[in-house]
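This briefing concerns the structure shown below.

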Amino acid sequence: MLQLTCTKLVLFTVAGVIVQIIGLSLFVFGFFPVKPSLSGASGPESFYEPICDIVENRNVTTLHPGQLKHLYQELSGIPPSFDRLILMVIDGLPAEFILGKDGQPPSKKFMEAMPYTQSLLASGLAIGYHAKAAPPTVTMPRLKAMVSGAIGGFLDVAFNFNTQALLDDNILEQFFRIGRKMVMLGDETWLKLFPGLFTRHDGVSSFFVKDTVQVDQNVSRHLGYELSKDDWNLLILHYLGLDHVGHIGGRGSVLMPSKLMEMDEVVKMIHSRTMETQENNQQQTLLMVVSDHGMTENGNHGGSSYEETDSLVLVIGLRNHASDYASAIQNTAHQVDIAPTLALLFGVPIPKNNVGVLILEAFDALKDDQQLRALELNSWQLLRLLQEELPGLPCQKFPCDGFSNHQGSCTNECDHSIEMKLCSLYKDAAELHSSWKSKKGSQSSSGKDYSYTVAAYYKFLKSASEWLSRRTTEKPVSLLAVGVATMFISCAMLLSLIFGLVRDVYLPANRQISNSTDSTERWSLVDKFVLGVILILIISMGSSSMVEEEHYIWHFVLSTYYLLLLRKSAQSLTTIGMQNSFSLFKGEKRKNYLWLPFVIMLLISGRILRGWHQGGVNWTGLPDISKWLEQSGSDLVKLVQLISAILVISFSLFALFLVGSKGKLFMMVKFSFLTSGLLVLLHILKYQDDTLASSNFGATLLAQTIYAILGTATLGTVVALPWVIPLTISKMSSNLKILSPSSVFVGIQHNLPVVELRDTLYMSGWAYVIFWCLLQLLLQQPINSTPILLLLLQILASILYYSSDGMCYKELVEVAALYYLGMAGHFALGNSNTLATIDVAGAFIGISSHSTLLSGILMFIITYASPMFVLLSLVLYISMKTTSYLVIPENADSGNLLMMLLGLPCLVPLGLNSILLTAYTVVLLLMRNHLFVWSVFSPKYLYVCATTVCNYIGVSIVALTGVYTYLVLTIRQRRQVAIINKQR
């Protein structure tokens, strides 16, 4: 086998990463394609039965909008029920706030917050629906579902931050074709989805979640004017404030009741003005109040829990009245049902890709034949969609053949396939409808015939809608296979590099010190457990419950690891024996007593982190430390936040100020980080408040100042320090003792700047640690300041414990354990495998104008705070790890040194992530037809992909820092040697 060199290691590592990126891209684009849709828009053909052997070609492009409107009315057989529509979207409003839950009315505080809306429900003037929204529960795909009736692809969650024009058929385009005028006020997502359709508009950005006031006032300030105008047919009002209140303070925010009262006043104003308008000019106006999604207790959304998918549809202005309050609040529907309902109420064709079922109660004022006609048109539209999805549909020629030969023909066939079942259901409904029409007006006609026909239509519509909604797109098997195979190759490459590095570099070094090391201790129980954890993780991936509650696995792994370390430390103390108790504080044996405090610190901090957030999906309601603090009041949260922030800043700066050098650069770096820490404390005291109502220029400017100082100080330290550190046996760490890099074999210093390299990396490592801690204190929720402190303590305790171990091959185990710490910390900060726990609020701190790129970067920094923290701390780990194993042959070169220092710290995170990524890719492929593929497994895969990106970035920073520092020091050393030689 070829000897591994530094050049080969770099080339093969880069190649392995590139291969992995290619394989991942192939799989993602194959598994998550943009959901296919029928091109074009519905036209007059929508009002005819599906044609089987010929394609109806009715060219309507030359028709004037007025002519097209008249044609639609003539063909539909259903007169438009309303002249104008007001669509009021209250972003993030759970239906539970208005309609209650499980048949019970809403809580008293919500009832009192919306008295006018509740009076409309009580009097029967409004009917409410719990409208189930499909995941992902973010705004853009949910708006698409409302207006097109189609359920988009899963990756729409990514497009939510960069909305493009909607190309699918939708009711707004249908309104536009028949000349209806539209006005939009509120979320600018509408303007991006439907550019050029609105006569007037005033859009606001939906991503400044700290703004709960201006974002809604900007809508309401136009409301009086628009209600007085009669030149529009559709008025869209999209209020964002309630969603922002949820992101800031959750469902229980003190701002929630006042925001609901504000929305209630808007409903009151609209309803009162529309009632006056209808009395004066006989124009019929329908007010529909909807929400795009709900929210969790923490105010987030994006997942598939009941709290997130429980959206609202409140219909005000129907001519029929609900019989009682219970019947007005206990109705259910799907969000996609809005599109066909509005299309038929306003006399336009149902959008082509709609999978929704019309809400029949909205048509109660129509005659029986008109209601059946509405159901028939909805059935024809879904039948056309089924014919496209199932080309071999047995009933494809049924409308052409008539009804006479199909009585009972599918009775036995319906059980054979979904095609036959849907065919049978449609035929039954069509035959009953035909029978009802033939009996209409005769004595044999009865209400039962009508009820049977409605029930038959609904049975077909519900079955077809359910099948179309959950149908998985056919995936290109060959593309997926290539992607998985490529990832396997990449995984094999990275793992072979790790084994080769251990074989060619680390094991030879170990043989140099084998005489002083007990060989039986080389692979202890701790080491075997750390390496065996990967098997536990792979096995757990196949269970949806384990995926949802993955935090339990990481906390178990870390707790078990710390207990094993405690056991190992106790055994070491026992082995020493009491007879040497008076000599333990001399020489190297002193380190045995230093292990125990570190392990105890790891156990205590790990236990607190485990109980800080009750993460996951199913047990989020269980008590935890963060909930207890929040329930105790904001003052206690603020106090805990300040104490944690002060401790983090003090401890980090103390370690930095212990550095003995007094050069100008060192003093400038210390002063910069001290200034940044004080500014972060100022931001916490003055601006970082849960009840902050709006964006603040002072807060934005202060945050931008912190970004600038922190970035300059960190980058300046890493870039400039290698150029100014003295090229002698450095004494800068002499005051640090246990916090300093360990001893180094001085013999090789004549050829390689090892001491300067480690001292420089020590300073750079602390710069990264301080930078990341201060950044997280600025961006994270106030309740997460203590976990940041605990993560810092755990990382430092781990590094100090590892720095005293002379067995260099154990870097494989140590780096793996640090990687596990990063993942456990990820969940300890409140993250989970559902999109709902992504913290959106902090992603706009310091941003003065909306930027998808900058907000996305900040969101990534907040979400992956812990894994990136661990990766950046590897620079500190490299500098503090003992280098006694560098007693290697005298011909040691820079390649050997760099491989020893950087090899495993860079390769182990890549290798572990590669194993998990490849394994979960296979799991996702096997689960592609699972019931929870889109609600559980797919969100988890997005997190796995994002974790992969995090590893790429973190490892790149560590590698580039090490290589850059070494190259600069080498250049300086050679210059200094050349100068000395000239002087001689």
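Glu376 is a residue of helix α17 (residues 368–389); helices (H or I, at least four residues) and strands (E, at least two) are DSSP runs, numbered from the N terminus. With a relative accessibility of 10%, Glu376 counts as buried, where buried means under 20% relative accessible area, exposed over 50% and partly exposed in between (1.4 Å probe, protein chains only). Neighbours within four places in sequence aside, Glu376 is in contact with His433, Lys437 and Tyr457, contact meaning heavy atoms within 4.5 Å.

The model is predicted: local features need pLDDT of at least 70 and side-chain atom pairs count only at pLDDT 80 or more, while totals for chains, interfaces and linings use all residues. Residues are numbered from 1 along each chain as its sequence is written, and side-chain values use heavy atoms, with hydrogens and water left out.

**Overall make-up**

- The protein contains 36 helices and eight strands.
- Of its 984 residues, 57% are buried.
- Among contacts between residues at least 6 apart in sequence, 80% join residues at least 24 apart.
- The protein exposes about 40,200 Å², and carbon and sulfur atoms supply 61% of this area; accessible areas come from the Shrake-Rupley method with a 1.4 Å probe, and for residues only the protein chains shown count as cover.

**Nonpolar cores**

- The largest nonpolar core has 164 residues; such a core is a set of buried Ala, Val, Leu, Ile, Met, Phe, Trp, Tyr and Cys residues joined through side-chain atoms within 4.5 Å.
- The residues with the most contacts inside this core are Tyr561, Phe673, Trp766, Trp772, Tyr820 and Tyr941.
- A second, separate core of 83 residues includes Leu75, Ile350, Phe363 and Tyr458.
- Not counting residues up to four places away in sequence, Trp772 touches Ile861, Tyr864, Ala865, Met868, Phe869 and Leu872.
- In soluble globular proteins, nonpolar side chains tend to be buried together.

**Helix α33 and its cover**

- Helix α33 (residues 852–863) has 12 residues and spans 16 Å from its first C-alpha to its last.
- This is close to the 16 Å expected at 1.5 Å a residue, the expected span being 1.5 Å times one less than the number of residues.
- Ser855, Leu858, Met859, Ile861, Ile862 and Thr863 are buried in α33.
- The cover over these buried residues includes α29 (697–724), α30 (754–779), α32 (811–828), α34 (865–880) and α36 (933–983).

**Leu99 in helix α3**

- Leu99 lies in helix α3 and is buried, with a relative accessible area of 2%.
- Apart from neighbours within four places in sequence, the contacts of Leu99 include Gln104, Pro105, Pro106, Leu121, Tyr129, Leu312 and Ile329.
- Leu99 and Gln118 are 19 residues apart in sequence, with their C-alpha atoms 8.8 Å apart in space.

**A nonpolar surface patch**

- Val10, Val14, Ile18 and Ile22 make a nonpolar surface patch of about 330 Å²; patches are made of residues with over 30% relative accessible area and no salt bridge, like charges being joined within 9 Å and nonpolar side chains (Val, Leu, Ile, Met, Phe, Trp, Tyr) within 5 Å.
- Val14 belongs to helix α1 (residues 6–31) and is partly exposed, with a relative accessible area of 44%.

**Salt bridges**

- The structure holds 13 salt bridges, each a side-chain nitrogen of Lys or Arg within 4 Å of a carboxyl oxygen of Asp or Glu.
- Arg251 and Glu96 meet in one of them (3.1 Å, N to O).
- This pair links distant parts of the chain, 155 residues apart: Arg251 is in the loop between α12 (241–249) and α13 (256–281), and Glu96 is in helix α3 (residues 96–99).
- Arg251 counts as buried at 6% relative accessibility, whereas Glu96 is partly exposed at 21%.
- Arg200 forms a salt bridge with Asp231, their closest N and O atoms being 2.8 Å apart.
- Here Arg200 is in strand β4 (residues 200–204) and Asp231 in the loop between α11 (223–228) and β5 (234–239), 31 residues apart.
- Arg200, Glu226 and Asp231 are linked in a network of salt bridges.
- Glu112 and Lys108 also pair (3.9 Å, N to O), and both lie in helix α4 (residues 108–113), four residues apart, about one turn of the helix.
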